[in-house]
Each structure stands twice: as C-alpha cells, then as structure tokens.
Amino acid sequence: MINLDELEAKARAATQGNWHLNKELSRPATKLIYDASGYLIANVGGYKFDDTENDKNAEFIATANPDTVLKLIAAMRVYRGALEYTAESPRYEDRESALKRQIADMQNFASEAIVRGDEILRGGV
C-alpha cells in the first residue's frame, strides 16, 4: 500500500503550484518543465529516447506536480475512510451499493484530473 504520509511530505517539500512543459525552449533531447512563476523545475530527457517519448515523459512529470499529488492523496484518504465505514456496514447490499458509488465518484475524479492535466499542458489555469 502507498504510504500517503510519506508521499504528502515529499509533495509539500517540492515546488508548489502548477508545472508546465515549455515546448518553445525545449529541444528534442531535453524537455524543460517550469513552475507557474517561470522557474525551471526539471530538465527531462536523454539521448536514449526519441522526441515524442521525451515529450510524453515531460508532460507526465509536469501534470503529476505537487498540487495534483496532494489532491489525489486527499481523495485517497476520503475513499479509504469510506471503505472502512462500508466494511463496518451491517448488510452486504449496503456495502455493495456504497462501493459502486465510490467507484463512480473515483472515476469522475480521475476524469476531472485528466481534463485538468490537459488544460495545464495547454497553458491554461
């Protein structure tokens, strides 16, 4: 299981805010990720990968910024708590319906995170 406390500490220690891949300054072997203030966060790349693969790796890193990770941690804690509550439910039918609702909520959350990540990558807020 993921240690959420450790992951949260690392996310809080990292540069906060939305990150983005600057394609204008990046080169085929080197992709540059900046924070919202314009400070360089990471230089991603390597000669082992082609330009498309470097782009995909850099876009993922930029999208998985501390803000996104902290939101996922908060959601995970909510769902863990809900699962504990559901496990204590007296009837199987209640647990099953609660789990189905939780799955639907998590799918909606994941969809929103993907849309938000795409907006960030396009330079939106």
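**Notes on a predicted model**

1. At 17% relative accessibility, Glu8 counts as buried. The cut-offs are as follows: buried is under 20% relative accessible area, exposed is over 50%, and partly exposed lies in between, with a 1.4 Å probe and protein chains only. The model is predicted, so local features need pLDDT of at least 70 and side-chain atom pairs count only at pLDDT 80 or more, while totals for chains, interfaces and linings use all residues. Residues are numbered from 1 along each chain as its sequence is written, and side-chain values use heavy atoms, with hydrogens and water left out.

2. The partner of Glu8 is Arg12: the two form a salt bridge, with the closest N and O atoms 3.0 Å apart. A salt bridge here is a side-chain nitrogen of Lys or Arg within 4 Å of a carboxyl oxygen of Asp or Glu. Arg12 and Glu8 are four residues apart in helix 1, which means that about one helical turn separates them. Helices (H or I, at least four residues) and strands (E, at least two) are DSSP runs, numbered from the N terminus.

3. Arg77 is partly exposed at 33% relative accessibility, whereas Asp5 is exposed at 55%.

4. Lys31 and Asp55 also form a salt bridge, with 3.1 Å between the closest N and O atoms. Lys31 is in strand 2 and Asp55 in helix 2 (residues 51-63), so the pair ties together parts 24 residues apart in sequence. Both residues are buried. Elsewhere, salt bridges with shared partners join Asp5, Glu8, Arg12 and Arg77 into one network.

5. What is the order of the strands in the open sheet? There are three, in the order 1-2-3, and the pairing is antiparallel. Strand 1 and strand 3 are the edge strands, each pairing on one side only. On average, neighbouring strands are turned by 30° against each other, direction ignored. For such angles, axes are lines fitted to C-alpha atoms, for helices over the stretch in contact, and angles run from 0 to 180 degrees between N-to-C directions.

6. Two strands pair if DSSP finds at least two bridges between them. Strand 1 and strand 2 are joined by five bridges, and Arg27 has Thr30 in strand 2 as its bridge partner. Helix 2 packs on this sheet and touches strand 1, strand 2 and strand 3; its direction makes about 155° with that of strand 1.

7. Strand 2 (residues 30-35) and strand 3 (residues 40-44) pair over four bridges. Lys31 stands opposite Val44. Four residues lie between the strands of this hairpin, where Gly38 has a positive phi near 95°.

8. The largest nonpolar core has seven residues: Trp19, Leu21, Ile33, Ala42, Val44, Ala58 and Ala62. Such a core is a set of buried Ala, Val, Leu, Ile, Met, Phe, Trp, Tyr and Cys residues joined through side-chain atoms within 4.5 Å. Strand 1 (19-27), strand 3 and helix 2 each supply at least two of its residues. A second, separate core of five residues includes Leu4, Ala11, Val69 and Ile73.

9. Neighbours within four places in sequence aside, Ala42 is in contact with Lys31, Leu32 and Ile33. Contact means heavy atoms within 4.5 Å.
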